[in-house]
Amino acid sequence: MTKKIIAWCKNNKMKTIVSSLIVIILIIMAFSSPNKAQFENNIPKEFKNLEARIVKKPVYLDYVIVSGYYQNKKISSVKAESVEYIGLFGKVIEVKEGSSEEFIFDCMKWLPSLIEGAKITISLTIVTTILGMLIGAIFALGKMSKIPGITHFCRAYIFFFRGTPLLMQLMFIYYSLPLINPNFAIQDRFLAAAIAFGLNSAAYCAELIRAAIESIDKGQFEVAKALGFTYGQTMRKIIIPQTYKRLVPPFANEFIMILKDASLTSIIALQDLSKVTTAIQSSSSKYTVFIPSMIIYLVITGVFSKLFECIEKKYSVYE
């Protein structure tokens, strides 16, 4: 392992230098980040002695390489005073309206809520993708079967869920089903979203799986049959392993599409990343919240795209 790292560093000298500089800068920032006491020492005496009817506890934000501090004092029902500071490279900087420090400080305040929203978005996407693959595989095999009843049912299912908007499907499951029968009511918003997204994704995954299976040379079925393999053994041991690499790219696209479509869950008030972002924008009247939100989406997309790329390389052995 060590030899591989050394070899990589030799072959990528520029990347190694840049990476080393970034690491050094981050370490310096981490060790020089001001603590809570340093922030409190910079608060003006006028603010400390300010008589307030309601005094809110100060908030200290520590993100290792950068820190922040703010405190609000409510003087009356219409008047309030506040102090905001950001700690960067060992310095305590007062946050002024319209400055670049204000944007950084706002991002620090929004980040915990955005991360909680991102967790829900990622969880929903992963659950939906797994449901889509499992249910989709069943419907793919059902559509390919030679039993008329099963084939027609699977075709109808795929046609319906691919032919109607996901938003309508979500609203039907969460809002309309309880009106048809109260026993069908789903109180948990995440569960309702997972069911709607899973059923929708299954229709698309079914077509992806079917296309991947049918892309395998039919001669392999005949050879397997001549060797005494049953249909199930042929699919499990010969055909399906060859479809893995072919399925990874389209499944990766499906995953990314679900990740972005998760924003539709705001219609049922699920607190995903998109819903949290719009809530912050509404309460703060700052549209700059969309910048860190989009960056989080890009990071999530980049990480999972790289993961799918590694999986594709792993299963390339079957090609």
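## Cores and elements of a predicted chain

Leaving aside neighbours within four places in sequence, Tyr157 is in contact (heavy atoms within 4.5 Å) with Ile135, Phe139, Leu199, Ala202 and Ala203. The model is predicted, so local features need pLDDT of at least 70 and side-chain atom pairs count only at pLDDT 80 or more, whereas totals for chains, interfaces and linings use all residues. Residues are numbered from 1 along each chain as its sequence is written, and side-chain values use heavy atoms, with hydrogens and water left out.

Tyr157 and Ile209 have the most contacts inside the largest nonpolar core, which has 18 residues. A nonpolar core is a set of buried Ala, Val, Leu, Ile, Met, Phe, Trp, Tyr and Cys residues joined through side-chain atoms within 4.5 Å; buried means under 20% relative accessible area, exposed over 50%, and partly exposed in between (1.4 Å probe, protein chains only). Helices (H or I, at least four residues) and strands (E, at least two) are DSSP runs, numbered from the N terminus.

A second, separate core has 17 residues, among them Leu114, Phe255, Leu273 and Val289.

Helix H7 spans residues 166-180 and has 15 residues. From first C-alpha to last, H7 reaches 20 Å, close to the 21 Å expected at 1.5 Å a residue, where the expected span is 1.5 Å times one less than the number of residues. At Phe172, H7 bends by about 40°, the angle between axes fitted to the seven residues ending there and the seven starting there. Leu166, Gln169, Leu170, Ile173, Tyr174 and Leu177 of H7 are buried, and what covers the buried residues of H7 includes H6, H8 and H10.

Strands E2 (residues 59-62) and E3 (residues 67-74) pair in the antiparallel sense over four bridges; pairing requires that DSSP finds at least two bridges between two strands. Val59 has Tyr70 in E3 as its bridge partner. Four residues lie between the strands of this hairpin, in which Val64 takes a positive phi near 65°.

Overall, the chain has twelve helices and five strands. Its radius of gyration is 27 Å, whereas a compact globule of 319 residues would have one near 20 Å; the radius is taken over C-alpha atoms, and the globule rule is 2.2 Å times the number of residues to the power 0.38. Buried residues make up 33% of the 319 residues.
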